[in-house]
Amino acid sequence: MPDHHDHDSNSTHTTRRGFLGLTSRALAVATGAAALPTVCFSPAYAADPDELPTVPLAERGSLVMPRFISRPQWRARSPKRRSTRIYPARGGVAVHHLGPKRFAASKHSFCPAQVRGIQNTHMDDRGWDDIAYTYLVCVHGYVFEGRGVGIRTAANGTNDGNDRYYAVCGLVGGGSAYDPITDQLIQGFRNAIAHLRSVGNAGTSITGHKTFMATECPGKLSAYLSAMRPG
Ligand SMILES: [Zn+2]
Ligand SMILES: [Zn+2]
């Protein structure tokens with residue numbers, strides 16, 4: 001059974017009153033205020049000035065995240081569309097894994113290609129706008145930028161889940177034989193969640209994908225949700 005049923009049907013309903021309820025005028029003022037930090041928001045990714053809900057947020061907290069791999073760094077494709085219809089202050093972060101097969105790469109040098117493969121599958125086979133997740137974390141402790149801060153995901157299985165929760169996916173999976181859950185993986189989740197709270201307006205809830213629908217996801221990560229809570 002596939003982990004992810006939802007698609008990007010709401011992405012076409014782009015609104016001028018999106019994240020944080022900002023009006024387009026407020027966004028315009030904000031976008032004129034300062035140069036964008038490059039660590040999270042690449043110019044290619046943020047092409048449309050009306051689609052920059054992240055700008056005011058960037059001023060809210062630190063953008064620095066250890067072992068962060070931005071979209072240009074993993075050579076992400078540009079999204080087909082982006083929706084800012086996400087209200088994560090009412091929820092928080094949903095945790096995912098990759099499914100019933102083992103996935104973790106033995107060497108970190110393999111991880112960026114794995115993330116590109118996931119993006120290709122989501123965009124080409126499933127027809128989604130972009131890679132489904134907000135962030136992806138590997139067993140080596142690196143956090144890959146998926147859709148990023150302030151962007152609605154397609155990963156959480158229901159409109160309610162996608163309305164209120166970011167989606168962070170561990171690059172692990174398995175059944176009775178499961179990828180090792182490394183300390184670095186859990187620390188990567190902690191870093192990603194702290195970051196989403198700091199600059200992404202995420203609420204304090206951390207839950208598994210299966211909260212929203214019938215799925216095994218996030219597999220063995222279900223036992224680590226409290227360990228992922230930032231200090
Ligand atoms: Zn999932
Ligand atoms: Zn890695």
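## Backbone exceptions in the loops

Arg75 is exposed, with 11 other C-beta atoms within 10 Å, and in this predicted model the residue lies in the loop between H3 and S2. The phi of Arg75 is near 60°, a positive value in a residue other than glycine. Most residues other than glycine have a negative phi, and most peptide bonds are trans.

Asn201, found in the loop between H6 and S6, also has a positive phi, of about 65°, although it is not a glycine. Is Asn201 buried or exposed? With 24 other C-beta atoms within 10 Å, Asn201 is buried, because the cut-off for that class is 20 or more, whereas Arg75, with 11, is exposed. A further backbone feature is the cis peptide bond from Cys217 to Pro218, with omega near 15°; Pro218 has its place in the segment after strand S6 (205-208).

## Overall arrangement

The protein contains six helices and six strands, which follow one another along the sequence in the pattern α-α-β-α-β-α-β-β-α-β-α-β. Of its 231 residues, 46% count as buried. Where contacts join residues at least 6 apart in sequence, 80% of them link residues at least 24 apart.

## The nonpolar core

The largest nonpolar core has 44 residues, and those that touch the most other members are Val93, Tyr133, Val137, Ala167, Val168 and Leu171. Two or more residues each come from strand S2 (92-96), helix H4 (111-125), strand S3 (135-137), strand S4 (143-145), strand S5 (165-170) and helix H6 (183-200), with H6 giving the most, six residues. In soluble globular proteins, nonpolar side chains tend to be buried together.

S5 is mostly covered, since six of its six residues are buried. The cover extends to both faces of S5, with Tyr165, Ala167 and Cys169 buried on one side and Tyr166, Val168 and Gly170 buried on the other.

S5 pairs with S2 in the parallel sense over five bridges, and Val95 stands opposite Val168 in S5. The pairing of S3 with S5 is likewise parallel, over three bridges, and here the bridge partner of Val137 in S5 is Gly170.

## Helix H4

Within H4, the buried residues are Cys111, Val115, Ile118, Gln119 and His122; seen down the axis of the helix, the buried residues fall within an arc of 95°, so they line one face. An α-helix has 3.6 residues a turn, so residues three or four places apart point the same way. The buried residues of H4 pack against helix H3 (71-74), S3 and S4, while on the other side of H4 Ala113, Gly117, Asn120, Asp124 and Asp125 are exposed. Just after H4, Gly127 takes a positive phi of about 75°.

Key: Residues numbered from 1 in each chain as written. Chains lettered and ligands numbered in written order. Predicted model: local features only at pLDDT ≥ 70, side-chain atom pairs only at ≥ 80, totals over all residues. Core = buried A, V, L, I, M, F, W, Y, C linked by C-beta atoms within 7 Å. Buried ≥ 20, exposed ≤ 12 C-beta atoms within 10 Å, placed from the backbone. Helix = DSSP H or I, 4+ residues; strand = E, 2+ residues; numbered from the N terminus. Arc of directions from axis to C-beta. Contact = placed C-beta atoms within 7 Å. Pairing = 2+ DSSP bridges.
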